[in-house]
Amino acid sequence: PSWLEMPHPISVSVRLRPLQPGSEPPRISADTRGVATDHKVFEAVENVVTGSDQEQAYQSIASPLLARLRDGYSCTLLAYGQTGSGKTHTMFGPPGCLTEASLAKSAGATPPTWGIFPRIALELLRNGG
């Protein structure tokens, strides 16, 4: 079958950042229908991650990609959004978190502040691709 006939050739995940102090409530929400804005509902969303838990974001977004990668499929993870929306935080974590000291302090576990990309790299180094 062609790639268009394969189940889920493209998976869309959305991460909604937590409300920042002093900021306006978002005009986007997630419910059982998908992701809704003021004018449209996007139903093709596979995962919606809310809040700031990096482990939850990794498990929902990257873990399925790693499983597909291990099955021999090519995988791409793309972060898209407006400036300041949290792309870098999701992909790498907060500034200054990617240090050997944070890894040592975690006693062999993944540091809780690390984003998706360093978690993927650490998983591949620990358990192979």
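A polar contact, as I use the term here, is a pair of N or O atoms within 3.5 Å, where within protein one must be able to donate a hydrogen and the other to accept it. I kept in mind throughout that this is a predicted model.

**Entry 1: Thr-90**

I started with Thr-90 and found it in helix H2, which covers residues 87-92. Is Thr-90 buried or exposed? I looked up its relative accessible area, which is 13%; buried means under 20%, so Thr-90 counts as buried.

Next I checked its partners. The side chains of Thr-90 and Arg-15 are joined by a polar contact of 3.2 Å. Setting aside neighbours within four places in sequence, I listed Arg-15, Gln-54, Gly-115 and Ile-116 as the residues in contact with Thr-90.

**Entry 2: the largest pocket**

Arg-15 turned up again here: with Ser-13, Val-14, Leu-78 and Tyr-80, it lies nearest the centre of the largest pocket, which has 49 lining residues. Strand E1 (12-16), strand E5 (45-50), helix H1 (54-70) and H2 each give two or more residues to that lining. I noted a space of about 1900 Å³. By type, the lining of this pocket has 23 nonpolar, 19 polar and seven charged residues.

**Entry 3: the second largest pocket**

I then turned to the second largest pocket, with a volume of about 150 Å³. Which element gives the most to its lining? My notes say H1, with three residues; helix H4 (116-127) also supplies at least two. Among the lining residues I found Leu-65, Met-91 and Phe-117.

Methods
Residues are numbered from 1 along each chain as its sequence is written. This is a predicted model: local features need pLDDT of at least 70, side-chain atom pairs count only at pLDDT 80 or more; totals for chains, interfaces and linings use all residues. Side-chain values use heavy atoms; hydrogens and water are left out. Helices (H or I, at least four residues) and strands (E, at least two) are DSSP runs, numbered from the N terminus. Buried means under 20% relative accessible area, exposed over 50%, partly exposed in between (1.4 Å probe, protein chains only). Contact means heavy atoms within 4.5 Å. On a 1 Å grid over the protein atoms alone, a cavity is a set of points where a 1.4 Å probe fits but cannot get out, and a pocket is an open set with protein on both sides within 12 Å along at least five of seven lines; lining residues have an atom within 4 Å of a point. Grid points are joined across faces, edges and corners, and a volume is the space filled by probe spheres set on the points. Ala, Val, Leu, Ile, Met, Phe, Trp, Tyr, Cys and Pro count as nonpolar, Asp, Glu, Lys and Arg as charged, and the others, Gly among them, as polar.
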